[in-house]
Structures are given as structure tokens and as C-alpha cells.
Amino acid sequence: MRPEPATPDQTRGGQTSPRQTAETGHNSDKDGFDTWRALQKATDKKRADLIADIVGHPKGAPSVEELDYMNPPLSEDAVRRHLNTLKEVGVVAILELESGDQVHGFPRQFYTLTEAARELFDQNGLFPEDAWQREYASVKKTARIQNVEDMPRPDA
């Protein structure tokens, strides 16, 4: 099992102090994580709901199928588009099962917060894990969704 290769804006690498980029005037670290853009994209209501479900998921890495179930107003395509936006700004990363670890008919990709996003959210009091885990656990799930939730996830 392996995570999808990280792009420079997905991880913090070493600890560095934020700096302002000349191009945007926004704070970013040496790996290009732009805190302003990340917060801007993450605080959109629909994307914030997806982030809350990622944080609340018992394994911290739900599939699109689980996120679609937890967000009935969104289509699966809309969930994927929002996740792609969050991935582009370094808020989420994709974990993918190796081909030999895949189970036919079950998801092979899962979404998790990047370290940079978790640090940013913690610094700003956003998406507290305990609260969102309680919220996620309180939702009644179908047998299928419970089976997907229980399946193993790739290591981050």
C-alpha cells in the first residue's frame, strides 16, 4: 500500500516558518503550501463539509463513496471535483491501495488531510477531530457503507 506521490504543495517537508510569496502576497512555506489559498478553498461550505467528514472518519481516510453518502446534496462527480480542488491547494492527499490489495467492487482510493492542512486547521481552531468524529459516528449508515468504512486503508 502506498500513498499517491506527493507534489510540493501537499506536504510541509521540514519545519520552516511561513513566508510571503512575491507573486501572491500570501503566506506559504518552502514547499509552496499557501495558507491563504488553502483556507479560502477549505472554507467553502461544501468543501468544509467534505473536510469535516474526512476528519470525522474513524480511519481518517474515507473513499469518494463514503463522502458521497455523507453529503447527499452532492453528486459523486461534485465530490470528486471538490476533492480535486482541495488536493490542488495541498489540503488533501490521495491514498491508494496497491493492485494486489484491492477488493473487487470496493474503493481503492481514499482521501486524507495533509500534515500542512492539519497544522493550519489546528492553529486556527478549525475541524476539531473529537467533535467531527462524534458527528460522523452518529450518522446511521447502510450495510454497504459500513463495510466500506470497516475495510483497511493504505498507510499514509
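## Exercises on a predicted fold

By the ring-pairing rule, the count comes to one aromatic pair (Phe, Tyr and Trp rings, the last by its six-membered ring, with centres within 6.5 Å; planes under 30 degrees apart are stacked, over 60 edge-to-face, the rest tilted). This is a predicted model, where local features need pLDDT of at least 70 and side-chain atom pairs 80 or more, while totals for chains, interfaces and linings use all residues. Residues are numbered from 1 along each chain as its sequence is written, and side-chain values use heavy atoms, without hydrogens and water.

**Exercise 1. State the order of helices and strands.**

Step 1: count the elements. There are seven helices and five strands (DSSP runs numbered from the N terminus: H or I of at least four residues, E of at least two).
Step 2: read along the sequence. The pattern is β-β-β-α-α-α-α-β-β-α-α-α.

**Exercise 2. Describe the largest nonpolar core.**

Step 1: A core joins buried Ala, Val, Leu, Ile, Met, Phe, Trp, Tyr and Cys residues through side-chain atoms within 4.5 Å. Buried means under 20% relative accessible area, exposed over 50%, partly exposed in between (1.4 Å probe, protein chains only).
Step 2: find its centre. The core has 27 residues, and I51, V91, L113 and F121 have the most contacts inside it.
Step 3: assign elements. Those giving two or more residues include α2 (45-56), α4 (76-88) and β5 (109-113). Helix α2 supplies the largest share, six residues.
Step 4: follow I51. Beyond its neighbours within four places in sequence, I51 is in contact (heavy atoms within 4.5 Å) with A42, L86, V91, L113, F121 and F127.
Step 5: look elsewhere. A second, separate core has six residues, among them L97, F110, V148 and M151.
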